[in-house]
Amino acid sequence: MNQQTRNRLIAVVALLVAGAGLALVAFGNIGENLVYYWRPSEMLSQGEKAYGPTIRLGGQVQPGSIQWNEQHTTLEFRVMDSEEPNAAHVRVRTTEVPPQMFRERIGVVVEGTFDKSQVFQGSRLMVNHSNEYRAPKSEDDVKKMFEDMQKQDATTAAVGAK
């Protein structure tokens, strides 16, 4: 086999491998493995399309909506687009233990599925938070930070007692 024939054979094999890979992506049901990221208003606007696929629902925890059932270890709350009075919101139910920073008005991303009863069944709960750390500059800042932590712990304990 001469050099020119060998090069043509390598090119044909490479094209066949590339074509097979493209066919696998195009016809291999890759769409079933997609995870959508939607805000409550976007998900609700999808209608029937939102039922079934895995979705990451992002928004803020609506104030006054957190309900923790210790007996069944079920957490229910609403995720809202914004704090405007008519903002879209979705009821979420999960058996995940919430992260320590979970509270009202904090940004969350919940992965799960939306069902026809208009409840989002969460299988994974994540909290959005800033990764910036600012050291307290004075003793008063340290005292205020400690007081804020105590208030937050009291709120978390009250939510857990419900």
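1. Gln118 is found in the loop between β6 and β7, where helices (H or I, at least four residues) and strands (E, at least two) are DSSP runs, numbered from the N terminus. The phi of Gln118 is near 65°, a positive value in a residue other than glycine. Most residues other than glycine have a negative phi. Gln118 is partly exposed, with a relative accessible area of 37%; buried means under 20% relative accessible area, exposed over 50%, and partly exposed in between, with a 1.4 Å probe and protein chains only.

2. This is a predicted model, in which local features need pLDDT of at least 70 and side-chain atom pairs count only at pLDDT 80 or more, while totals for chains, interfaces and linings use all residues. Residues are numbered from 1 along each chain as its sequence is written, and side-chain values use heavy atoms, with hydrogens and water left out.

3. A positive phi is also found at Thr73, a residue other than glycine, with a value near 40°. Thr73 has its place in the loop between β3 (67–69) and β4, and it counts as partly exposed at 39% relative accessibility.

4. The protein chain holds 3 helices and 7 strands, which follow the pattern α-β-α-β-β-β-β-β-β-α when read along the sequence. Of its 162 residues, 24% count as buried. Among contacts (heavy atoms within 4.5 Å), those between residues 24 or more positions apart account for 49% of the ones with a separation of 6 or more.

5. The largest nonpolar core has 21 residues, of which Met43, Phe77, Phe102, Val108 and Phe120 touch the most other members; such a core is a set of buried Ala, Val, Leu, Ile, Met, Phe, Trp, Tyr and Cys residues joined through side-chain atoms within 4.5 Å. The elements giving two or more residues to this core are β2 (55–61), β4, β5, β6 and β7 (119–127). In soluble globular proteins, nonpolar side chains tend to be buried together.

6. The structure holds 3 aromatic pairs, defined as rings of Phe, Tyr and Trp (its six-membered ring) whose centres lie within 6.5 Å, with planes under 30 degrees apart counting as stacked, over 60 as edge-to-face and the rest as tilted. One of them is stacked, because the rings of Tyr36 and Trp38 have their centres 4.8 Å apart and their planes at 15°. Tyr36 counts as partly exposed at 29% relative accessibility, whereas Trp38 counts as buried at 9%.

7. Phe77 and Phe102 form an edge-to-face aromatic pair, 5.0 Å centre to centre and with 65° between the planes. Phe77 lies in strand β4 (residues 74–80) and Phe102 in the loop between β5 (89–94) and β6 (107–114), so the pair ties together parts that are 25 residues apart in sequence. Both residues are buried. Leaving aside residues up to four places away in sequence, Phe102 touches Val61, Ile66, Leu75, Phe77, Val108, Leu125 and Val127.

8. Glu111 lies in strand β6 and counts as buried at 15% relative accessibility. Not counting residues up to four places away in sequence, Glu111 touches Thr54, Ile55, Arg56, Phe120, Gln121, Gly122, Ser123 and Arg124.
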